[in-house]
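Thanks for asking me to look this over.

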Amino acid sequence: MGKKYRVLSLDGGGSWALIEAGALIDMFGEGTAGWDVLRAFDLVAANSGGSIVLGCLIENLALGQIFDFFMDETKRRSVFSKTSSLADRVLEGVTGMGPKYSAEKKLPALESVLPIRGNMVLGDAVRGIPGQRGAGENLRVLIVGFDYDRCRATFFRSAATNGPAYGTGAAADLTLAEAIHASTNAPVNYFDGPATYPDDPGRYWDGAIAGCNNPVLAGVAEAVTTTRDFLEIVALSLGTATVALPWPEPGEEGSPYVRQRSDPGLKNDLVKLAGAILDDPPDMASFLAHVMTGSGSGLPAGSVADSQIVRMNPMISPVQDANKQWIAPGGLTLAQFQALAALGMDAIDQPDVETIANYADLWLKDQAPNQPVRMDGDTLTCEIGQSTFSAAKAAWDAIEG
């Protein structure tokens with residue numbers, strides 16, 4: 001079996017991206033420098049909060065420093081800085097909807113976090129970071145955004161890609177910090193306008209609007225244009241948690257641990273629509289990437305992995321006890337479970353972020369479930385992939401060689 005082309009995919013999710021830093025710490029060690037992590041891959045695809053993790057890796061921060069950035073309330077609030085618009089504040093206070101944060105203040109905050117590489121054009125920012133194959137090739141990165149004016153996805157690439165079967169994808173002319181600014185700019189309930197720049201006419205929203213909050217499919221597609229060989233590609237997809245509740249069996253309709261039907265209406269539908277762009281519902285991108293890379297047919301016989309895609313993502317989901325009753329995982333109370341499930345992507349208050357970090361720790365210890373590549377959406381039964389973090393880690397060790 002030839003050397004695999006390794007893709008790292010980093011989901012969006014605001015402060016929840018601390019989960020990705022925690023997973024990398026478990027795999028590589030807290031003191032490992034960003035470049036040493038990146039050298040284990042050939043291409044990294046990232047969206048939103050995941051693009052901040054990528055930027056910190058490119059800045060060569062140690063994994064412990066990246067985790068600490070998300071745990072530092074002052075640093076979080078520099079990125080999620082309150083909007084100065086009184087109208088927006090009144091709207092959000094009265095209706096619970098509307099923008100809360102300033103897009104204008106976010107770019108300077110990101111540049112402050114990334115003082116060395118943040119102001120470099122994306123291709124220059126990764127120069128000198130070799131991919132794991134070596135041979136003089138720099139790591140390739142792909143940050144996903146949404147072009148506000150053209151109403152379509154935008155791929156901010158560190159290097160151009162082209163081919164007779166794939167057309168041409170140009171390298172980005174934005175800086176690393178500017179690309180992250182675009183990718184982190186969730187609209188409607190979060191930031192008060194599209195991401196803009198002093199010297200560029202573009203205006204952008206978060207890549208989740210393009211359906212790429214989980215960017216693994218975009219990353220695998222980009223890898224295909226580079227390698228031309230589907231079976232060479234393996235991908236590690238890191239998520240930022242997803243709420244997954246089982247569909248109620250007869251008699252379970254009133255249980256707080258099962259999916260509840262909501263009444264149609266403008267407010268409920270807007271809330272559902274805003275949430276849908278951030279979810280991986282529940283495994284579409286991962287499953288399509290699984291199919292694209294051969295549905296596991298490129299794995300050696302007897303491998304502990306069943307796919308060339310490994311998904312590591314905590315599910316905020318109940319588990320069944322010995323009596324087949326749904327209960328909260330990891331010893332959480334019902335109130336703790338419900339509070340965790342209700343936390344927004346933009347959780348920035350210190351107690352809320354500590355709640356996220358504590359749940360991530362349960363997941364890393366296999367006390368909270370892992371989202372597989374594909375599962376039964378009604379019963380949450382794993383069909384492809386792994387239902388625990390340790391099993392997913394073992395699968396990645398097996399397929400990445």
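1. Let me begin with the ring rule: rings of Phe, Tyr and Trp (its six-membered ring) pair if their centres lie within 6.5 Å, and planes under 30 degrees apart count as stacked, over 60 as edge-to-face and the rest as tilted. By this rule the count comes to 11 aromatic pairs. In one of them, the centres of the tyrosine 197 and tyrosine 204 rings are 6.2 Å apart and the planes meet at 50 degrees, so the pair is tilted.

2. Before going further, please note that this is a predicted model, where local features need pLDDT of at least 70 and side-chain atom pairs count only at pLDDT 80 or more, while totals for chains, interfaces and linings use all residues. Residues are numbered from 1 along each chain as its sequence is written, and side-chain values use heavy atoms, with hydrogens and water left out.

3. Are the two tyrosines of that pair buried or exposed? Buried means under 20% relative accessible area, exposed over 50%, and partly exposed in between (1.4 Å probe, protein chains only). Tyrosine 197 has 7% relative accessibility and counts as buried; tyrosine 204, at 9%, is buried as well.

4. Phe80, Tyr101 and Phe191 form one aromatic cluster.

5. How many disulfides does the structure hold? There are zero, a disulfide being a pair of cysteine sulfur atoms within 2.5 Å. For cysteine 212, the closest cysteine sulfur belongs to cysteine 151 and is 15 Å away, too far for a bond. Cysteine 212 is buried at 12% relative accessibility, whereas cysteine 382 is partly exposed, with a relative accessible area of 30%.

6. Eight of its eight residues are buried, so H9 is largely enclosed by the rest of the structure. Among these buried residues are Glu178 and His181.

7. Finally, leucine 231 is found in the loop between helix H10 (216–227) and strand E9 (233–238). Leucine 231 is partly exposed, with a relative accessible area of 37%.

How values were computed. Helix = DSSP H or I, 4+ residues; strand = E, 2+ residues; numbered from the N terminus.
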